[in-house]
Amino acid sequence: MRLDVAGLCLAAPAQAGLFADDGARKQIQQLEARVLSLEDALKQQTQSMLDLQGQIEALNSEIRKLRGQNEEIAHGLQDAEKRQKDFYVDMDTRLRHFESAEEAAREAAAKEVVPVAVPSAPVPAATASIDPHDPFMENRAIENAYSVFKSGSHADAAKAFREFIGKYPDSVHVPNATYWLGEAQFAQKEFKGALGTFQGLLKDFSGAAKAADTYFYIAECQRALKQKDEARKTLKQLVAKYPDSEAAAKAKKLLATSK
(Lines give C-alpha, C1' and ligand atoms only; values in the text may rest on other atoms or scores of the structure.)
Protein backbone atom coordinates (compact mmCIF):
# COMPACT_ATOMS: atom_id res chain seq x y z
CA MET A 1 0.00 0.00 0.00
CA ARG A 2 2.79 2.35 0.92
CA LEU A 3 4.60 1.52 -2.32
CA ASP A 4 1.55 2.43 -4.41
CA VAL A 5 1.23 5.73 -2.67
CA ALA A 6 4.91 6.39 -3.20
CA GLY A 7 4.58 5.54 -6.90
CA LEU A 8 1.73 7.92 -7.30
CA CYS A 9 3.69 10.64 -5.55
CA LEU A 10 6.61 10.16 -7.94
CA ALA A 11 4.40 10.05 -11.08
CA ALA A 12 2.63 13.31 -10.32
CA PRO A 13 5.70 15.55 -10.64
CA ALA A 14 6.77 13.75 -13.81
CA GLN A 15 3.40 14.36 -15.47
CA ALA A 16 3.47 17.99 -14.39
CA GLY A 17 6.89 18.37 -15.98
CA LEU A 18 5.64 16.77 -19.17
CA PHE A 19 2.72 19.17 -19.36
CA ALA A 20 5.05 22.10 -18.72
CA ASP A 21 7.33 21.02 -21.59
CA ASP A 22 4.35 20.75 -23.97
CA GLY A 23 3.22 24.26 -23.07
CA ALA A 24 6.70 25.64 -23.58
CA ARG A 25 7.00 23.94 -26.98
CA LYS A 26 3.64 25.37 -28.04
CA GLN A 27 4.71 28.88 -27.01
CA ILE A 28 8.01 28.47 -28.86
CA GLN A 29 6.17 27.27 -31.96
CA GLN A 30 3.77 30.21 -31.72
CA LEU A 31 6.70 32.61 -31.35
CA GLU A 32 8.48 31.04 -34.31
CA ALA A 33 5.30 31.36 -36.40
CA ARG A 34 4.99 35.03 -35.42
CA VAL A 35 8.64 35.64 -36.24
CA LEU A 36 8.20 34.07 -39.68
CA SER A 37 5.07 36.10 -40.24
CA LEU A 38 6.86 39.30 -39.23
CA GLU A 39 9.78 38.42 -41.49
CA ASP A 40 7.43 37.92 -44.44
CA ALA A 41 5.67 41.20 -43.68
CA LEU A 42 9.04 42.97 -43.40
CA LYS A 43 10.18 41.51 -46.72
CA GLN A 44 6.96 42.65 -48.40
CA GLN A 45 7.25 46.11 -46.85
CA THR A 46 10.90 46.38 -47.89
CA GLN A 47 10.03 45.36 -51.46
CA SER A 48 7.17 47.88 -51.52
CA MET A 49 9.50 50.62 -50.33
CA LEU A 50 12.05 49.68 -52.99
CA ASP A 51 9.34 49.75 -55.66
CA LEU A 52 8.11 53.13 -54.38
CA GLN A 53 11.64 54.50 -54.35
CA GLY A 54 12.10 53.36 -57.92
CA GLN A 55 8.87 55.10 -58.94
CA ILE A 56 9.93 58.28 -57.15
CA GLU A 57 13.30 58.27 -58.91
CA ALA A 58 11.58 57.74 -62.26
CA LEU A 59 9.20 60.63 -61.55
CA ASN A 60 12.08 62.88 -60.47
CA SER A 61 13.87 62.05 -63.70
CA GLU A 62 10.74 62.88 -65.72
CA ILE A 63 10.31 66.14 -63.81
CA ARG A 64 13.91 67.14 -64.51
CA LYS A 65 13.37 66.34 -68.18
CA LEU A 66 10.16 68.40 -68.32
CA ARG A 67 11.84 71.29 -66.52
CA GLY A 68 14.62 71.27 -69.07
CA GLN A 69 12.10 71.29 -71.92
CA ASN A 70 10.14 74.08 -70.22
CA GLU A 71 13.29 76.18 -69.84
CA GLU A 72 14.08 75.70 -73.53
CA ILE A 73 10.54 76.72 -74.51
CA ALA A 74 10.61 79.73 -72.18
CA HIS A 75 13.97 80.80 -73.59
CA GLY A 76 12.64 80.44 -77.12
CA LEU A 77 9.56 82.51 -76.29
CA GLN A 78 11.71 85.21 -74.71
CA ASP A 79 13.88 85.38 -77.80
CA ALA A 80 10.83 85.54 -80.05
CA GLU A 81 9.24 88.25 -77.92
CA LYS A 82 12.47 90.26 -77.91
CA ARG A 83 12.74 90.01 -81.70
CA GLN A 84 9.10 91.08 -82.04
CA LYS A 85 9.60 94.04 -79.69
CA ASP A 86 12.79 95.09 -81.47
CA PHE A 87 10.95 94.95 -84.76
CA TYR A 88 8.06 97.00 -83.41
CA VAL A 89 10.41 99.66 -82.05
CA ASP A 90 12.19 99.80 -85.39
CA MET A 91 8.88 99.95 -87.24
CA ASP A 92 7.57 102.69 -84.95
CA THR A 93 10.75 104.71 -85.48
CA ARG A 94 10.44 104.36 -89.23
CA LEU A 95 6.80 105.41 -89.16
CA ARG A 96 7.60 108.45 -87.05
CA HIS A 97 10.31 109.36 -89.54
CA PHE A 98 7.79 108.92 -92.34
CA GLU A 99 5.28 111.16 -90.56
CA SER A 100 7.92 113.85 -90.03
CA ALA A 101 8.95 113.72 -93.67
CA GLU A 102 5.33 113.85 -94.80
CA GLU A 103 4.64 116.81 -92.53
CA ALA A 104 7.72 118.63 -93.84
CA ALA A 105 6.59 117.96 -97.41
CA ARG A 106 3.13 119.39 -96.67
CA GLU A 107 4.62 122.50 -95.10
CA ALA A 108 6.96 123.01 -98.03
CA ALA A 109 4.11 122.54 -100.49
CA ALA A 110 1.94 124.99 -98.57
CA LYS A 111 4.64 127.65 -98.77
CA GLU A 112 4.83 127.17 -102.54
CA VAL A 113 1.00 127.35 -102.71
CA VAL A 114 0.91 124.01 -104.51
CA PRO A 115 -2.00 121.72 -103.53
CA VAL A 116 -0.90 118.38 -102.18
CA ALA A 117 -3.14 115.34 -102.42
CA VAL A 118 -2.77 113.16 -99.33
CA PRO A 119 -3.77 109.54 -100.06
CA SER A 120 -6.63 108.20 -97.93
CA ALA A 121 -5.80 104.56 -98.67
CA PRO A 122 -2.75 102.49 -99.61
CA VAL A 123 -1.31 103.38 -103.00
CA PRO A 124 -2.06 100.49 -105.42
CA ALA A 125 0.47 99.15 -107.87
CA ALA A 126 0.36 101.45 -110.89
CA THR A 127 1.57 98.98 -113.46
CA ALA A 128 1.98 95.27 -113.87
CA SER A 129 5.77 95.76 -113.89
CA ILE A 130 5.79 96.52 -110.14
CA ASP A 131 6.50 93.45 -108.07
CA PRO A 132 3.80 93.12 -105.34
CA HIS A 133 6.34 91.29 -103.17
CA ASP A 134 8.82 94.15 -103.34
CA PRO A 135 9.75 95.03 -99.70
CA PHE A 136 9.69 98.72 -100.60
CA MET A 137 6.10 98.52 -101.80
CA GLU A 138 5.15 96.47 -98.76
CA ASN A 139 6.69 98.98 -96.36
CA ARG A 140 5.16 101.87 -98.28
CA ALA A 141 1.72 100.25 -98.05
CA ILE A 142 1.85 99.81 -94.25
CA GLU A 143 3.22 103.33 -93.82
CA ASN A 144 0.39 104.78 -95.91
CA ALA A 145 -2.21 102.82 -93.95
CA TYR A 146 -0.72 103.95 -90.65
CA SER A 147 -0.62 107.57 -91.88
CA VAL A 148 -4.34 107.40 -92.65
CA PHE A 149 -4.97 105.94 -89.19
CA LYS A 150 -3.02 108.74 -87.50
CA SER A 151 -4.96 111.34 -89.47
CA GLY A 152 -8.16 110.17 -87.75
CA SER A 153 -9.83 108.70 -90.83
CA HIS A 154 -10.58 105.43 -89.05
CA ALA A 155 -12.96 104.00 -91.65
CA ASP A 156 -10.40 104.54 -94.42
CA ALA A 157 -7.64 103.22 -92.15
CA ALA A 158 -9.58 100.03 -91.41
CA LYS A 159 -10.04 99.51 -95.13
CA ALA A 160 -6.35 100.15 -95.77
CA PHE A 161 -5.23 97.67 -93.09
CA ARG A 162 -7.62 95.01 -94.41
CA GLU A 163 -6.24 95.49 -97.91
CA PHE A 164 -2.69 95.26 -96.61
CA ILE A 165 -3.37 92.02 -94.71
CA GLY A 166 -5.09 90.55 -97.77
CA LYS A 167 -2.30 91.58 -100.12
CA TYR A 168 0.63 90.70 -97.83
CA PRO A 169 -0.60 87.82 -95.61
CA ASP A 170 2.96 86.64 -94.92
CA SER A 171 4.36 90.06 -94.12
CA VAL A 172 6.15 90.71 -90.82
CA HIS A 173 3.90 93.76 -90.52
CA VAL A 174 0.69 91.69 -90.30
CA PRO A 175 0.59 91.60 -86.45
CA ASN A 176 0.85 95.40 -86.27
CA ALA A 177 -1.60 95.87 -89.13
CA THR A 178 -4.08 93.60 -87.36
CA TYR A 179 -3.67 95.52 -84.10
CA TRP A 180 -4.22 98.89 -85.78
CA LEU A 181 -7.22 97.48 -87.64
CA GLY A 182 -8.71 96.58 -84.25
CA GLU A 183 -8.01 100.09 -82.96
CA ALA A 184 -9.63 101.61 -86.03
CA GLN A 185 -12.73 99.45 -85.52
CA PHE A 186 -12.83 100.32 -81.83
CA ALA A 187 -12.59 104.04 -82.62
CA GLN A 188 -15.69 103.63 -84.82
CA LYS A 189 -17.45 101.81 -81.95
CA GLU A 190 -17.52 98.59 -83.97
CA PHE A 191 -16.96 96.73 -80.71
CA LYS A 192 -18.00 93.29 -81.94
CA GLY A 193 -15.77 93.47 -84.99
CA ALA A 194 -12.88 94.91 -82.96
CA LEU A 195 -13.27 92.13 -80.40
CA GLY A 196 -12.95 89.49 -83.11
CA THR A 197 -9.92 91.25 -84.59
CA PHE A 198 -8.08 91.51 -81.26
CA GLN A 199 -8.91 87.93 -80.27
CA GLY A 200 -7.69 86.72 -83.65
CA LEU A 201 -4.45 88.66 -83.13
CA LEU A 202 -3.78 86.88 -79.82
CA LYS A 203 -4.66 83.53 -81.35
CA ASP A 204 -2.43 83.89 -84.41
CA PHE A 205 0.36 86.02 -82.87
CA SER A 206 0.44 85.26 -79.13
CA GLY A 207 3.91 86.80 -78.78
CA ALA A 208 3.02 90.07 -80.51
CA ALA A 209 4.78 93.15 -79.15
CA LYS A 210 1.47 94.83 -78.27
CA ALA A 211 -0.10 91.74 -76.68
CA ALA A 212 -0.69 93.53 -73.36
CA ASP A 213 -2.53 96.41 -75.09
CA THR A 214 -4.48 93.84 -77.10
CA TYR A 215 -5.73 92.19 -73.89
CA PHE A 216 -6.81 95.59 -72.60
CA TYR A 217 -8.73 96.40 -75.80
CA ILE A 218 -10.43 92.99 -75.65
CA ALA A 219 -11.62 93.81 -72.13
CA GLU A 220 -12.81 97.24 -73.28
CA CYS A 221 -14.78 95.67 -76.14
CA GLN A 222 -16.32 93.17 -73.72
CA ARG A 223 -17.25 95.98 -71.34
CA ALA A 224 -18.86 97.90 -74.19
CA LEU A 225 -20.80 94.77 -75.16
CA LYS A 226 -21.99 94.33 -71.52
CA GLN A 227 -19.91 91.18 -71.09
CA LYS A 228 -18.82 92.15 -67.58
CA ASP A 229 -17.69 88.72 -66.36
CA GLU A 230 -15.66 88.09 -69.50
CA ALA A 231 -14.10 91.56 -69.21
CA ARG A 232 -12.98 90.94 -65.61
CA LYS A 233 -11.51 87.60 -66.62
CA THR A 234 -9.59 89.23 -69.48
CA LEU A 235 -8.27 91.99 -67.21
CA LYS A 236 -7.06 89.40 -64.69
CA GLN A 237 -5.30 87.51 -67.49
CA LEU A 238 -3.62 90.74 -68.57
CA VAL A 239 -2.36 91.47 -65.05
CA ALA A 240 -1.11 87.89 -64.65
CA LYS A 241 0.68 87.74 -68.02
CA TYR A 242 2.06 91.29 -68.21
CA PRO A 243 2.17 92.62 -64.61
CA ASP A 244 4.70 95.38 -65.35
CA SER A 245 2.99 96.81 -68.44
CA GLU A 246 1.11 100.10 -68.61
CA ALA A 247 -1.94 98.17 -69.76
CA ALA A 248 -1.77 96.06 -66.58
CA ALA A 249 -1.71 99.22 -64.45
CA LYS A 250 -4.90 100.42 -66.16
CA ALA A 251 -6.41 96.96 -65.79
CA LYS A 252 -5.76 96.99 -62.02
CA LYS A 253 -7.58 100.32 -61.69
CA LEU A 254 -10.57 98.99 -63.62
CA LEU A 255 -10.67 95.82 -61.52
CA ALA A 256 -10.55 97.86 -58.33
CA THR A 257 -13.37 100.19 -59.38
CA SER A 258 -15.64 97.51 -60.85
CA LYS A 259 -15.95 95.31 -57.75
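**Exercise 1.** Work out how helix 5 (residues 191-204) and helix 6 pack, given an angle of about 150° and axes 9 Å apart.

*Solution.* The model is predicted, with pLDDT of at least 70 needed for local features and 80 or more for side-chain atom pairs, while totals for chains, interfaces and linings use all residues. Residues are numbered from 1 along each chain as its sequence is written, and side-chain values use heavy atoms, without hydrogens and water.

Step 1. Helices are DSSP runs (H or I, at least four residues), numbered from the N terminus. Axes are lines fitted to C-alpha atoms over the stretch in contact, and angles run from 0 to 180 degrees between N-to-C directions.

Step 2. Angles over 145 degrees count as roughly antiparallel, and those under 35 as roughly parallel. Helix 5 and helix 6 are therefore roughly antiparallel.

Step 3. Contact means heavy atoms within 4.5 Å. On the helix 5 side, the residues include Phe191, Leu195 and Phe198; on the helix 6 side, they include Tyr215, Ile218 and Ala224. This contact divides into 12 nonpolar, 3 polar and no charged residues (nonpolar: Ala, Val, Leu, Ile, Met, Phe, Trp, Tyr, Cys, Pro; charged: Asp, Glu, Lys, Arg; polar: the others, Gly among them).

**Exercise 2.** Describe how helix 4 (residues 174-187) and helix 6 (residues 211-224) are arranged.

*Solution.* Step 1. Their axes come within 11 Å and cross at roughly 25°. Helix 4 and helix 6 are therefore roughly parallel.

Step 1. The contact residues comprise 4 nonpolar, 1 polar and 3 charged.

Methods: Helices (H or I, at least four residues) and strands (E, at least two) are DSSP runs, numbered from the N terminus. Angles under 35 degrees count as roughly parallel, over 145 as roughly antiparallel, 65 to 115 as roughly perpendicular and the rest as oblique.
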